[in-house]
Amino acid sequence: MGDIRNIVILTGAGVSAESGIPTFRSTAGVTYWEVYEDDLAPRHYRIEDVCTPQALANDPALVHRFYDARRAALAGVRPNAAHRALARLDAAWPGELLLVTQNVDDLHERAGSRRLIHMHGELRAALCAICDARRPHDGALPPGSACGQCGAPALRPDIVFFGEMPYAMDRIEAALARADLFVSIGTSGAVYPAAGFVRMASACGARTLELNLEPSAGSDWFDETRTGPAGTLVPAFVDEVLRPTA
Ligand code: OAD
């Protein structure tokens, strides 16, 4: 892998697909989220009905129910070989490393990753719409739940909706500026600002690598694209990075 010290890795829904969490988009243009709320048929939600501030204002019960179901589903999934390989890299890498995930599941941390940012929020957290306090939260979160910090009945899922600012952009941009290697794993490259990270890293001199089931919308921006399932590609990539150079 050459002379690399600082690594930034971006992950998307594809890294959790082999754990059984459905992705959002595909080449077939599927743009709904599928959620099992009981043992019967899955419900399909359009992204714009559950992932915008307007949706939360118009139908809080629907939005809360959608994230309650996704939070509950975490109990039935486990980290896969890709999450585990990234945790192994985090533990072994002596230089700077930042794993930025767009995923709101907790599979990276359950696999053992520590240097991790959830730029789109976390299912297992609640955000106060009044005072912005963010707290760990498990179980259902009914609309009108009271904030432990300010007392307002204004807790909402800690999810960055379309039109809202992703978390920790300052830290992410600083890491991208220092990166020698930027790796994007399992993301369609359809949602900004994450889709622009490859160009930012490249402009600052990083080598750029994409690991995805299929070439993404931004594939042309990468120095190299490897196609295949993350559960196979990511462990091989980590072995390569950690292999001692002669
Ligand atoms: P997408 O569903 O848009 O894209 C998932 C990508 O993973 C696709 O390019 C698939 O080809 C690829 N993929 C599927 N299975 C894979 C596997 N086993 N191994 C490797 N790749 C695989 O998901 P994201 O790019 O993460 O935002 O979506 C970005 C954001 O859009 C999400 O964070 C979410 C959504 O709206 C918010 O919730 C704010």
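In what order do the strands of the open sheet of three run? The order is β7-β6-β8, and the pairing is antiparallel. This is a predicted model, where local features need pLDDT of at least 70, side-chain atom pairs count only at pLDDT 80 or more, and totals for chains, interfaces and linings use all residues. Residues are numbered from 1 along each chain as its sequence is written, and side-chain values use heavy atoms, with hydrogens and water left out.

**The three-stranded sheet**

- Helices (H or I, at least four residues) and strands (E, at least two) are DSSP runs, numbered from the N terminus.
- The edges of the sheet are β7 (134-136) and β8 (155-159), each of which pairs on one side only; to count as a pair, two strands need at least two bridges found by DSSP.
- From one strand to the next, the twist averages 45°.
- Strand β6 (residues 121-128) runs antiparallel to β8, and five bridges join them.
- Look for Ala126, which stands opposite Pro157 in β8.
- Helix α4 (residues 60-73) lies across β6 and β8, running at about 55° to β8. For such angles, axes are lines fitted to C-alpha atoms, for helices over the stretch in contact, and the values run from 0 to 180 degrees between N-to-C directions.

**Aromatic rings**

- A pair of aromatic rings is described by how far apart the centres are and by the angle of the planes.
- Rings of Phe, Tyr and Trp (its six-membered ring) pair if their centres lie within 6.5 Å; planes under 30 degrees apart are stacked, over 60 edge-to-face, and the rest tilted.
- That rule gives three aromatic pairs.
- One of them is Phe66 with Tyr67, an edge-to-face pair at 4.8 Å centre to centre, with 80° between the planes.
- Phe66 counts as buried because its relative accessibility is 0%; buried means under 20% relative accessible area, exposed over 50%, and partly exposed in between (1.4 Å probe, protein chains only).
- Tyr67 is also buried, with a relative accessible area of 0%.
- Tyr67 makes a tilted pair with Phe161, at 6.2 Å centre to centre and 40° between the planes.
- Tyr67 lies in helix α4 and Phe161 in the loop between β8 and α7 (169-178), so this pair ties together parts that are 94 residues apart in sequence.
- Put together, Phe66, Tyr67 and Phe161 form one aromatic cluster.

**Charges over rings**

- A charge sits over a ring if NZ of Lys or CZ of Arg is within 6 Å of the ring centre and within 35 degrees of the ring normal.
- Arg134 has its charged end over the ring of Tyr167, 3.5 Å from the centre.
- Arg199 lies over the face of Trp221, 4.3 Å from the ring centre.

**The largest nonpolar core**

- A nonpolar core is a set of buried Ala, Val, Leu, Ile, Met, Phe, Trp, Tyr and Cys residues joined through side-chain atoms within 4.5 Å.
- The largest one has 23 residues, and those touching the most other members include Ile9, Ile185 and Phe237.
- Among the elements giving two or more residues to this core are β1 (7-11) and β9 (181-185), while α9 gives the most, with six residues.

**Around Cys147**

- Cys147 sits in the loop between β7 and β8, and counts as buried at 6% relative accessibility.
- Beyond its neighbours within four places in sequence, Cys147 is in contact (heavy atoms within 4.5 Å) with Cys128, Cys131, Ala133, Ala152 and Leu155.
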